[in-house]
Protein chains: 2
Amino acid sequence: MFDAVAVLGAGSWGMAIANLLDAGGRLVTLWEFDAAECERLHRLRTIPEKLPSFTLTPSVEVTNDLAGAVAEVSLVVLALPAQRVRSVVTRVKARLGEVAGVVNLSKGIEAGTLKRISEVVVDEIDLPPEKFVTVSGPSHAEEVIRDIPTTVVAAGQSVQLVESVQTVFSHSRFRVYKSDDLIGVELGGSLKNIIAIAAGIADGLGLGDNAKGALLTRGLAEITRLGVAMKARAETFAGLSGVGDLVTTCISKHSRNRHVGERIALGEKLPDILSDLQMVAEGVETARSGYELSRRHQVEMPITSEVYRVLFEGKPAAEALEDLMGRTLKAEIWQ
Amino acid sequence: MFDAVAVLGAGSWGMAIANLLDAGGRLVTLWEFDAAECERLHRLRTIPEKLPSFTLTPSVEVTNDLAGAVAEVSLVVLALPAQRVRSVVTRVKARLGEVAGVVNLSKGIEAGTLKRISEVVVDEIDLPPEKFVTVSGPSHAEEVIRDIPTTVVAAGQSVQLVESVQTVFSHSRFRVYKSDDLIGVELGGSLKNIIAIAAGIADGLGLGDNAKGALLTRGLAEITRLGVAMKARAETFAGLSGVGDLVTTCISKHSRNRHVGERIALGEKLPDILSDLQMVAEGVETARSGYELSRRHQVEMPITSEVYRVLFEGKPAAEALEDLMGRTLKAEIWQ
């Protein structure tokens, strides 16, 4: 099953997954969109700035030829920045319509259209929805490459395809649970990055573990509210792709989104921070999309709103935090 | 309202709360059960081994006289180790029956009887249940004394008393939400300490943030299952006293329970660790009680069971972790 797999995107996560699938006995082709970067990857078999201790397994084929990468595979894995997904899949539209499955690893929402990745892919290439699976959960690449135990969830409409993906991705140190709540899994993975920016702001302002626990609780609640308004199931946000990923992202030194928040709180400007980063901080675009979704669905999202104001309207981080902490005393849940 | 308050127990949390109530304008008497310790506290106004940077506000009265401490107050705050609550309240039974409210801060379950603190107090002193409130949530004393923002929840049967407690305890840097799910708030605060021990074991074994996110997710799920079986509301475990306190305890360097797990994983023996600690690690007794409750209510609690086996049956921590990670691949939630 799925003897040959293409992984599109040679960022940290794409490379980690390429090695994982290779270890599971698949023939893996890894596509890097930038020709010069691809040439360097051929030579070095790693990206020293991203994953210094990592080496791509020799049998993973690296290519800059997108059509060639997907030509003879039955499974295509998208490990792209969320805002790049549409342009990449459009280029191999006809071929993607023929594969047995498309697995998405990106965590984001398309700017402007406010579409989830599954909607982008299904819209753009007329993929039957049951051929789409998202794999999400607490899974920093920096740990997966070191074989540190990691647990994720695969979600899709077709139980057969989800179980196949579960089998193909599973490894003694990488466990894959399954879910049929695709919307919930996609939203949890995306929206948690907004809360991670807020957690970074809290870190930058010198707040402690008590506040972080409270922030995550309130963040989980507002993400869940939006998810339910968008027809996800509340329970999904209590799972690995919800609270699990939220916790990991908000505490990890590997999280770019948390890092962005921390530097914002220390007074740096967003464009300066972003131009420094080696990688995409998905949470920045997601803060804008999440804010727009909260307005569209009329869901109260105080943390998302404050992160939006700090990132895009120049509101001082300390003032945003005061406004969050200063809300009227009220019932947490009082029936 | 509640002009005079007695705080029973001069551990870190008792001292932090004594200062907080004093700052809110209450006349506070702090009772320390050990005469020699009380004498030292009189002199030093702190416990250097516990909170080196802290000083009790001069107006807080410190006493070793329990009957005197509660003689003229309208509110009694219990900041005692969970296993000490029954013996202390019994000594001032008649007087406690007359006060307007008893606020519990302890997070634990009575060994043997498997009773929550509210049950112990109500049973033992015939307190009308509506006079009891529990304050719980992510609130390490080490941060509260430094005025780092903290948010907790007050839960009880009487909305009037809960709102009074909310007013008395609130401070610009200490926010109090309210809840009417006393069972859920008590269980969340107690059971999370078992998961904190498991998180410490994971830390000690060198696991990373991915695994910690997964462990917290699964831990929250099993605590919630037991809570629901014991007539708590599931939503409470998604709140400050559930996931909020769980996150804080599992990531904090201040958590004694996490610390116990870490040292167990490094091969130390439980009696040696406990004899070293300056304070009570509530999670150790709670692991036993939680394990017994899971059997009584026939609720599957894999993490609690493994922590129990490691602490009390000598199971090697690495083996317990393998057993947790090695469970059959299954649906996270599949409707």
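This is a predicted model: local features need pLDDT of at least 70, side-chain atom pairs count only at pLDDT 80 or more; totals for chains, interfaces and linings use all residues.
Residues are numbered from 1 along each chain as its sequence is written, chains are lettered from A in the order in which they are written, and side-chain values use heavy atoms, with hydrogens and water left out.

The same surface serves both copies, since 100% of the contact residues of chain A recur in chain B.

In the interface, 60 residues of chain A are in contact (heavy atoms within 4.5 Å) with 60 residues of chain B. The two chains bury about 5100 Å² between them, 58% of it on carbon and sulfur atoms, where buried area is the accessible area (1.4 Å probe) lost on putting two parts together, summed over both. Two salt bridges are counted between chain A and chain B, a salt bridge being a side-chain nitrogen of Lys or Arg within 4 Å of a carboxyl oxygen of Asp or Glu. A:Arg173 forms a salt bridge with B:Glu322, and their closest N and O atoms are 2.6 Å apart. Several elements of chain A each supply at least two residues to the side that touches chain B, among them helix H8 (159-169), helix H10 (209-229) and H16; helices (H or I, at least four residues) are DSSP runs numbered from the N terminus. H10(A) gives the most to this side, with ten residues.

Helix H16 of chain A (residues 317-325) also contains A:Ala317. A:Ala317 is buried, with a relative accessible area of 9%, where buried means under 20% relative accessible area (1.4 Å probe, protein chains only). Leaving aside neighbours within four places in sequence, A:Ala317 is in contact with A:Ile201, A:Leu205, A:Ala265 and A:Val310. Of these, A:Leu205 lies 112 residues away along the chain, yet the C-alpha atoms of A:Ala317 and A:Leu205 are separated by 8.1 Å.

Elsewhere in chain A, A:Asp34 caps the N-terminal end of helix H2 (residues 35-44), with a side-chain oxygen 3.3 Å from the backbone nitrogen of A:Ala36. Just after H2(A), A:Arg45 takes a positive phi of about 60 degrees.

Technical notes. Buried means under 20% relative accessible area, exposed over 50%, partly exposed in between (1.4 Å probe, protein chains only). A polar contact is a pair of N or O atoms within 3.5 Å; within protein, one must be able to donate a hydrogen and the other to accept it, and residues adjacent in sequence count only if both atoms are side-chain atoms.
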